[in-house]
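Reader: I am new to this structure, and I would like to know what lies behind the words used for it. Could we take the terms one by one?

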Amino acid sequence: MGGAEQAAGHRALLIRRAELTELPGPTATPAADEAPQGGRATPPETLPPARVADVRIVGGRIVEISADPLRPRQGETVINADGGALLPGLHDHHVHLLSLAASASSVRVGPPQIVDVDGLRAALRAAPVTEPAQWVRAVGYHPSVAGDLDRHALDALLPDRPVRVQHRGGALWVFNSAALGLAGIDGCDLPGVERDTTGAPTGRLWRMDGWLRRHAALPPVAIDLAAVGRTAAASGITGFTDATPGRSAEHHRTLAAAAARGELPQRLTLMRPEPQPTLTEAPAGQRYGERAGELPAGAGGGGPVKVILDDDTLPDLDALAARFTAAHRAGHPVAVHCVTRVQTVLTLAALDIAGPRRGDRLEHGAVVPPELHGQLRRTGLVVVTQPNFIAERGDRYLVDVTDEDPASLYPAASLVRAGIGLAAGTDAPFGHPDPWRAIAAAVTRRTAAGIVLGADERLDAASALALFLTDPADPTRLRRVRPGARGDLCLLHRPLRVALRDPSAAQVRLTIVDGVPLGGWDQARQ
């Protein structure tokens, strides 16, 4: 591809003297190894030899890789990599973008910022007033701060403003009495409204995000998706899979518009709501449940159908199998929320009845006991995990988790050894959005207090990085820097072997999407 294409307006970018490494698939650190000291990741000795090359991108695709220096073309942007590693851009396989954007304008009321009831009270009372009703929206709460909240506990903390507090797991909102009155919860007959023995609402609302988003009494939340896009670009992220369940057409349009305007420059794959028999809430010409796909480019066929499971409302086996079958008949794999043993067992049993489909995913995989490994491998399910939770929540797991071995939670190496496909996401905002923190956590398995939780589940550094380098449409397939591949790239300051000794977002020099550098123009020249 040459001058004619550039004359037609195609973008052209030349990256000079970049280090290219063909990463292997994930491998597990032997269980006998001692944990890395000081929280630092040790790069694997098996990292293949690197080569230094020039890489040319035209029209959003890599068109040429040369060990010999390439001559810059007229109008071509040139970036001197100076031997820094050039990787496929990182892809966060499980994130909630609108919730992440909303969290920035919400009050943080959980660890590590808030650790006791006095801190919670102060944070709620200091919340800024942004609209006449004076609503307070708080996120990230954990019962270690002040116990299990209900309307009365919140009334004692802040009785004179409507307050809603989200548990850090995302499934539960707690309203105080003022908020319940404004939202008319007493007259709501949805099953997510928890009630006491007298029938009065406790203030605890389970899995009611969709209803709350549509409620006229709740003020709109400030959403800055451009800030999300900038922060992600600084971490080398070139793509997201949004895992929000039951997404409305309105929120689909919000994300699509942000992508079209360049506020979210990353490629977006949106999980689909479960198929419905009606055309409710669907844009013209599209069935509800079939409207989500990759944005803005449109290639790749879109995301899987998101299926939520909660232990206290589990469907029976045949009903769940029927839901899987409906998604498969519509042409879509399923992505099943599984954070407990019973959810994982039920999912596998239902897939045995429905029959697996390529691309089916088990989201989170917090509990995957070894006796299920063979069945997982046979179904071809990919586990999309969050290794960052070991670093962020591991100390609480040691206190709170009694029905499972805390060291076995969010397994990684044992799945790799069993031949099970593995990819990773951050689950932001319910986890920290920086994927490099998750990479480091997958290597060290070290909690915030410094305790190694499940040393035999550690991955080597290259394998941990690879969890974020796979294809969103097929998380078992590692993307490569090669001719024909998309120009979605992450350039590091240093060679890969050096960078993996201390994996962090500080290693990222420049992020490129569709052949266009995102910021960092001081490092490029015409």
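Author: The expected span of a helix is 1.5 Å times one less than its number of residues, and helices (H or I, at least four residues) and strands (E, at least two) are DSSP runs numbered from the N terminus. The model is a predicted one, in which local features need pLDDT of at least 70 and side-chain atom pairs count only at pLDDT 80 or more, while totals for chains, interfaces and linings use all residues. Residues are numbered from 1 along each chain as its sequence is written, and side-chain values use heavy atoms, with hydrogens and water left out.

Reader: How do you know that the span of helix α10 agrees with its 14 residues?

Author: Helix α10 covers residues 341-354 and should span 20 Å at 1.5 Å a residue; its end C-alpha atoms are 20 Å apart, and therefore the two agree. Just after α10, G355 has a positive phi of about 90°.

Reader: Which residues of α10 are called buried?

Author: Buried means under 20% relative accessible area, exposed over 50%, and partly exposed in between (1.4 Å probe, protein chains only). The buried residues of α10 are Q343, T344, L346, T347, L348, A350 and L351, and their cover includes α9 (317-329), β17 (334-338), β18 (361-364) and α11 (373-379).

Terms used
Contact = heavy atoms within 4.5 Å.
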